[in-house]
Amino acid sequence: MNNIVAIVGRPNVGKSTFFNRLIQRREAIVDAVSGVTRDRNYGKSEWNGKEFSVIDTGGYIKGSEDVFEAEIRRQVELAIDEADVILFIVDVEEGITPMDDEVAKLLRKVTKPVMLVVNKVDNAMRVKDAVEFYSLGLGEYFTIAGMNGSGTGELLDALVEVL
Ligand code: GDP
Ligand code: MG
């Protein structure tokens, strides 16, 4: 498969909300690889006439960060292997957490395109709050509100450019 976009990030940042906005239909919920947690949703999407597949990760990860750190790390490593572009979602409401730092550390080593997406930017105040995410060392970021779609057009314009 070509043009695979993986959505990664710690629990509760809004990955699935954004995924559901992107996809037109659900392809598979169950991962066929035995021994792999059935924890990934696959969908198809299209923007500016360009089709791509989207993987939402971490579906069943719930609860505190420390308990699930290993699982999130595994999901990120899978995404790095599998995807052509990685969308790393963070949450401006919570700010940078230790888990975000961990994920950023993994992603800084990746040669594939990584796009940093600051979610829950619901108002102008939060645009300013998003500045702290520069310190993740991943460069420029996009600000979106996955819940109402604000900012997602600009993100998708840029995404299909690197696909
Ligand atoms: P995931 O665990 O990363 O997949 O996150 P979910 O998509 O399940 O969302 C976690 C919570 O964040 C839910 O309560 C969502 O409604 C909320 N959420 C998602 N996007 C936004 C947003 O743009 N703004 C705000 N304020 N909340 C959001
Ligand atoms: Mg989810």
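The protein has a mean pLDDT (the predictor's confidence in each residue, from 0 to 100) of 87, with 83% of its residues at 70 or more. The model is predicted: local features need pLDDT of at least 70 and side-chain atom pairs count only at pLDDT 80 or more, whereas totals for chains, interfaces and linings use all residues. Residues are numbered from 1 along each chain as its sequence is written, and chains are lettered from A and ligands numbered from 1 in the order in which they are written. The model has an ipTM of 0.99 and a pTM of 0.90.

Helices (H or I, at least four residues) and strands (E, at least two) are DSSP runs, numbered from the N terminus. Helix α5 spans residues 152–162, and T152, L156 and L159 are buried in it. These residues lie on the same side of α5, because they cover an arc of only 60 degrees around the axis, the arc being that of the directions from the helix axis to the C-beta atoms. A residue counts as buried with 20 or more other C-beta atoms within 10 Å of its own, exposed with 12 or fewer, and partly exposed in between, C-beta atoms being placed from the backbone. Elements covering the buried residues of α5 include β1 (4–8), α1 (15–22), β3 (41–47), β5 (85–91) and β6 (114–119). On the face turned away from the buried side are the exposed residues G153, E154, D157, E161 and V162.

A158 also belongs to α5. A158 is partly exposed, with 14 other C-beta atoms within 10 Å.

Terms used: Contact = placed C-beta atoms within 7 Å.
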